[in-house]
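Here is a short note to read beside the model, point by point.

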Amino acid sequence: MKWIDAPWIELLRIALEVAATVAFALSGVMMAARKRFDAVGVCVVAFVSAFGGGTLRDLLLDQRPFFWVRHTEFVWGILGLSVAAGPSTHLTPPTIFPVL
């Protein structure tokens, strides 16, 4: 079990955490783009999709402060991602579902 204490394990955990948070935020931005939300809506959906699961986990495990309160760099990163992706939300055509 010596490999569990290796320093690269912590780096791997952080990298996976960042990748998952960014992936969920991008999925929220893409959904907001499909629904043609404004800039505030894009930010809200990105935040909820990125931090909703972790907040629910922290509530169920009774961990305070929440994950996104302890690591504010994630909050700023998701805000930057939302602002950067905001103008592109109006470039995508709306999804049209055919009537059956």
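1. Aspartate 62 sits in the loop between H2 and H3; helices (H or I, at least four residues) and strands (E, at least two) are DSSP runs, numbered from the N terminus. Although aspartate 62 is not a glycine, its phi is positive, about 55 degrees. Aspartate 62 counts as exposed because its relative accessibility is 57%; exposed means over 50% relative accessible area, buried under 20% and partly exposed in between (1.4 Å probe, protein chains only).

2. A word on the source. This is a predicted model, in which local features need pLDDT of at least 70 and side-chain atom pairs count only at pLDDT 80 or more, while totals for chains, interfaces and linings use all residues. Residues are numbered from 1 along each chain as its sequence is written, and side-chain values use heavy atoms, with hydrogens and water left out.

3. Now the overall plan. The protein has 4 helices and 0 strands, giving the pattern α-α-α-α along the sequence. Of its 100 residues, 25% are buried. The accessible surface comes to about 7200 Å², and carbon and sulfur atoms account for 75% of that; such areas come from the Shrake-Rupley method with a 1.4 Å probe, and for residues only the protein chains shown count as cover. Among contacts (heavy atoms within 4.5 Å) between residues at least 6 apart in sequence, 62% join residues at least 24 apart.

4. Helix H1 deserves a look. H1 covers residues 7–34, and its 28 residues should span 40 Å at 1.5 Å a residue, so the 41 Å between its end C-alpha atoms agrees; the expected span is 1.5 Å times one less than the number of residues. Which helices do the buried residues of H1 pack against? They pack against helix H2 (39–60) and helix H4 (72–85). The buried residues in H1 are Thr21, Ala25, Gly28, Val29, Ala32 and Ala33.

5. There is also a surface patch to find. Ile14, Val18, Val22 and Leu26 make a nonpolar surface patch of about 260 Å². Patches are made of residues with over 30% relative accessible area and no salt bridge, with like charges joined within 9 Å and nonpolar side chains (Val, Leu, Ile, Met, Phe, Trp, Tyr) within 5 Å; a salt bridge is a side-chain nitrogen of Lys or Arg within 4 Å of a carboxyl oxygen of Asp or Glu. Isoleucine 14 belongs to helix H1 and, at 38% relative accessibility, counts as partly exposed.

6. Two backbone details are worth checking. Most residues other than glycine have a negative phi, and most peptide bonds are trans. Arginine 36, in the loop between H1 and H2, has a positive phi near 60 degrees; its relative accessibility is 39%, so it counts as partly exposed. Arginine 64 and proline 65 are joined by a cis peptide bond, with omega about -10 degrees, and proline 65 is in the loop between H2 and helix H3 (67–70).

7. Finally, the aromatic rings. The whole structure holds 3 aromatic pairs. Phenylalanine 66 and tryptophan 68 form a stacked pair, 6.2 Å centre to centre with 25 degrees between the planes. Rings of Phe, Tyr and Trp (its six-membered ring) pair if their centres lie within 6.5 Å; planes under 30 degrees apart count as stacked, over 60 as edge-to-face and the rest as tilted. Phenylalanine 66 is buried at 19% relative accessibility, whereas tryptophan 68 is partly exposed at 31%.
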